[in-house]
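This report describes selected helices, strands and nonpolar cores of one structure. The sequence and the model are shown first.

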Amino acid sequence: MHDSRSPPHLAGLNTHQFEATSHFEGPLLVLAGAGSGKTRVLTARVCHLIQEYGIPPTQILAVTFTNKAAGEMRERITKLLGSEPTGMWIGTFHSVGARLLRRHADRLGWDRGFSIFDSDQSLRLVKTVQEELGLDPKRWNPKAIRIEISNSKNQLQDDKIFQQETQGSFDLFVRNVGQVFSGYQKALRAQNAFDFDDLLMKPVELFEGQQDLLESYRERFSFILVDEYQDTNRAQFRFVELLARAHENLMVVGDPDQSIYAWRGADIRNILDFETAFPGARVVPLEINYRSTERILGAANAVISENVNRPEKILRASRKGGEKITLVETSDEKDEARWIVSQIESRIQSTPGLSSRDCAVLYRTNAQARALEDAFLRARMPYQVVGGVRFYQRREIQDVLAYLRLVSNPRDRTAFDRIVNYPRRGVGHTTHEHLVRWALDEDMTLLEAARRADEVPGIRTVGVRGLKRFADLIRRLSARAAQVGIGEVLEELVEDIDLIRHLREEGPDGEDRVRNVTELITGTLDFNPTLARSIELEEMGTFTELDLFLQDVALIADVDRLDPGSETVTLMTLHNAKGLEFGLVFIAGLEEGLFPLSRAYDEADGLEEERRLFYVGITRAEDKLFMSWARHRRRAGDFTHGSLSSFVSAIPDKLLEHGKSGRLSRGRYPNPLGVQYRGRETEHEEDVAFDMNQDSPGFVPGERVMHETFGAGAVMEISGFGRDLKVKVNFDDVGEKKLLLRYARLEKDWP
């Protein structure tokens, strides 16, 4: 360990951390195991380059995986240096790409005031192009087409290359993708827009096609640092390679055991083959884990050692001992959720200093969140879901952002189409069609055509009036955006279109939508473009605050919405948990077919990637890890019979304590919705066949039950049979109710 007399950025580093930090020139691969202090090493090396080697911050580029990580890195560097690293670029691949394109988009034929289409907007554009080509979206899934386009771009294949490689294909779907891809790219260009994948692909295109530009950035960034290198795809690898190839002062940090994004193009070979791509690279392993207890880490090491495609390394725990890992068998997903909530309540009450923000529940699929949310709501325990319906994806927020995008970029047809008649202003489908046709004939934007709506044949007076007022509103807001901040522009917009009143008139959901819009306004009033770091300070005059705000919004990831300071339990998928840590962690849904997913057995490296995801989940836990599985789970509307995930068998039994939920430990056999079991009961429940026999309700008079709306009660009588089976229940709070069982979703209220 380096003592306190060392410079602040070196204090307390272990031998390998110091070795990586003090490395100067040449390629460096840091194999950083979970919880081994990689962020500290990255920030310390930046400080070392600046303070010990005199490298100006302007010559350093640091690329992170999330905006959150970029912000944390900048804060740490500023604290260690005692001042801002002015001129240093720190950001995600997407934000760095957007920054380059803001400077040089004109070299590719785009205007520098381009829009960035998120996944929702690009999907809408794919559908529009499909319809124009006469390809029925019901037959040819637009999402599947968009995924193909995205995958192609991440492999640095544009629409022309894609069509060349697939033109002789016997696969009609692939040929259709080629047609849509071509039309989609033309539409993006016509609207002066890039999609998310373009932010990776187009900078590579710039550098490969403009040697002078490449040379200037190679000279500018003489030291490059890349975090989470195991999750880079082909486009990201090529971007880094182009910039670093001349000087090779490239430091990459990553862990092959945490490579979990193959499904979106990440290539684990980028890190496994780093020494081949950059011969003579120095390799430094970080093998001391400062996060998890010895027992938790023992389980993680045992699980990941089952993988073959990995460099050999064993993480060692700095924290000895620790509690055993609790593995619990539950009845179904609701029982599992209740058990998790009860454990969190119990732990918080019995552990001084522990609060709900120290607890996280992780799961394999977003669908699992529903039962968990129900249980947290019932218990009145505050929680936050990361990666559910994202704030910026909500309808009312997308509507407001569409207005702002059109103000920023008058060529954004996707934005125009979305809000030209919202709120209603007499611009119906026929009027819109006439406008589109005339704009195409006259070679002008839809916004310009709307200004001249009185010249468009076939449009009635009410439509002309609505279009001209709309165009005038956008013109006025555009003028204001050049003079005032984004917050004032948004306030004027909301007032001009009387949005709050319109939202309130929508009924019960209206107030929630109003609150969301109010939150957006608050966020824009607090927006500081100099903190956003989306552009160099000297370039600020080129863009409005609105332009920079829209870019920041487009680049926000799910995990960036996580509020670590809020007194809430965090619910999220295992993918979203990457890079985070919590005192108490629950991994729910450990059943074969759910985790690992069934399809993993059919994909090359599929099972190994699922196991890496399990390893990521285990290593999020600092002090205590709980794991749970359910004998039955409702998936896609059907009950499935569960067996414990095969992944768990790798964990030595001495590290585990086994348990059963309250339902099972009391000897009550789980029987959701009256499932009838046939054949002998055996110790292994997978031997039991069952079917859904609706003639047997599974409830008896006098039995206690629970209803989502009416709460707890007692069964009084059962009548009918089959689909008409009815149950009369005397509820504690609302009295007697007669319910049709197939809709009632009653469950046993176990004592």
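## Helix α2

Helix α2 (residues 38-51) has 14 residues and spans 20 Å from its first C-alpha to its last, close to the expected 20 Å, which is 1.5 Å times one less than the number of residues. The model is predicted: local features need pLDDT of at least 70, side-chain atom pairs count only at pLDDT 80 or more, and totals for chains, interfaces and linings use all residues. Residues are numbered from 1 along each chain as its sequence is written, and side-chain values use heavy atoms, with hydrogens and water left out. Helices (H or I, at least four residues) and strands (E, at least two) are DSSP runs numbered from the N terminus.

Because eleven of its 14 residues are buried, α2 is largely enclosed by the rest of the structure. Buried means under 20% relative accessible area, exposed over 50% and partly exposed in between (1.4 Å probe, protein chains only). The buried residues of α2 are K38, V41, L42, T43, A44, R45, V46, C47, H48, L49 and I50.

## Strands and pairing

Strand β11 (residues 325-330) is mostly covered, with six of its six residues buried. I325, L327 and E329 point one way from the strand, while T326, V328 and T330 point the other way.

Two strands pair if DSSP finds at least two bridges between them. Pairings of β11 and of β24 (residues 726-731) are listed below.

| Strands | Bridges | Sense |
|---|---|---|
| β11 and β19 (residues 656-660) | five bridges | parallel |
| β11 and β16 (residues 621-630) | five bridges | parallel |
| β24 (residues 726-731) and β25 | six bridges | antiparallel |

An open sheet of five strands has the order β25-β24-β23-β22-β26, with antiparallel pairing. Its edge strands are β25 (735-740) and β26 (747-748), each of which pairs on one side only. V727 stands opposite L739 in β25.

## Nonpolar cores

A nonpolar core is a set of buried Ala, Val, Leu, Ile, Met, Phe, Trp, Tyr and Cys residues joined through side-chain atoms within 4.5 Å. The largest has 56 residues, of which L404, F416, F470, L493 and F549 touch the most other members. Leaving aside neighbours within four places in sequence, L404 is in contact (heavy atoms within 4.5 Å) with I486, V489, L490, L493, L546, F549 and L550. A second, separate core of 46 residues includes A98, I116, V240 and A554.
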